[in-house]
Amino acid sequence: MEKKFKTVYVFDTRVPSHNYVGQRQVEEDYQLQPNETLVEPQKGQANYWNAETGAWVTSTVDIYCYDVTSNNALSDMFSVPAGTTLKTGQTTVVPKDGLYEPRFNGTAWESGITEVEWNAQQPKTEVKPSAQQQVVMQQQASISSLQQMVMKLTADNAETQQVVMNLKSELAEAKKGSN
């Protein structure tokens, strides 16, 4: 008896957008895995599996999450397939640029603190160069010093050569005048 096969379409469940990743042939009695479907994606465009509708969609929606237990503070952002139902603590309202620790008031994002307050809360870490970095910096300083010395010696050498040429010229003139 000849085995029968079917095509299984695979989507990525590691990301909320559930983007299409490929297809494969399996035996007819194969049990689908959580990241597989028998529904064929649309050809020639990006596809995202909407598990709620059991269909492929060609676009995603950005979701902004807020923590309902922490004054509705912004907690995450990700993309989901178009048509996905929002859950509690999610919105499609985009926070405005320049907000620090924004909080969602039910219709819009508001700033929780000022930029100065936010900067004051950031950990202060003094960056000290490692021993290797210190050696490299010392070598770079030495190289720079040597380059300056070479430039000065080159200038001095050019000046000395000019003096020698002038003296040779004067000597030649003196020899001509004594003859």
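The structure is a predicted model, in which local features need pLDDT of at least 70 and side-chain atom pairs count only at pLDDT 80 or more, while totals for chains, interfaces and linings use all residues. Residues are numbered from 1 along each chain as its sequence is written, and side-chain values use heavy atoms, with hydrogens and water left out.

The protein chain as a whole comes first. Its secondary structure comes to 2 helices and 10 strands, where helices (H or I, at least four residues) and strands (E, at least two) are DSSP runs numbered from the N terminus. From that terminus on, the order of the elements is β-β-β-β-β-β-β-β-β-β-α-α. The C-alpha trace spans about 120 × 65 × 35 Å along its principal axes. The radius of gyration of the protein chain is 37 Å, whereas a compact globule of 179 residues would have one near 16 Å; this radius is taken over C-alpha atoms, and the globule rule is 2.2 Å times the number of residues to the power 0.38. Of the 179 residues, 20% count as buried. Buried means under 20% relative accessible area, exposed means over 50%, and partly exposed lies in between (1.4 Å probe, protein chains only).

The pairing of strands may be followed from E6. Strands pair if DSSP finds at least two bridges between them. Strand E6 (residues 60-67) pairs with strand E7 (residues 73-81) in the antiparallel sense over 8 bridges, and Cys 65 has Asp 76 in E7 as its bridge partner. The hairpin of E6 and E7 has 5 residues between the strands, and in this hairpin Asn 71 takes a positive phi near 55 degrees. E6 also pairs with strand E8 (residues 90-91), again in the antiparallel sense, over 2 bridges. Here Tyr 64 stands opposite Thr 91 in E8.

Aromatic rings form a further set of links. Rings of Phe, Tyr and Trp (its six-membered ring) pair if their centres lie within 6.5 Å; planes under 30 degrees apart count as stacked, over 60 as edge-to-face and the rest as tilted. The structure holds 8 aromatic pairs. One of them joins Tyr 20 and Trp 56, edge-to-face, at 5.5 Å centre to centre and 85 degrees between the planes. This pair links distant parts of the chain, with Tyr 20 in strand E2 (residues 20-27) and Trp 56 in strand E5 (residues 55-57), 36 residues apart. Tyr 20 has a relative accessible area of 28% and is therefore partly exposed, whereas Trp 56, at 6%, counts as buried. Trp 56 also forms an edge-to-face pair with Trp 49, at 5.2 Å and 65 degrees, and both of these residues are buried. Phe 11, Tyr 20, Trp 49 and Trp 56 form one aromatic cluster.

Two residues complete the picture. Asn 50 has its place in strand E4 (residues 48-50) and counts as buried because its relative accessibility is 1%. Contact means heavy atoms within 4.5 Å. Not counting residues up to four places away in sequence, Asn 50 touches Ala 55, Val 57, Pro 81, Ala 82, Gly 83 and Thr 84. Gln 121, by comparison, lies in helix H1 (residues 115-121) and is partly exposed, with a relative accessible area of 47%. Leaving aside its neighbours within four places in sequence, Gln 121 is in contact with Glu 101 and Ile 113.
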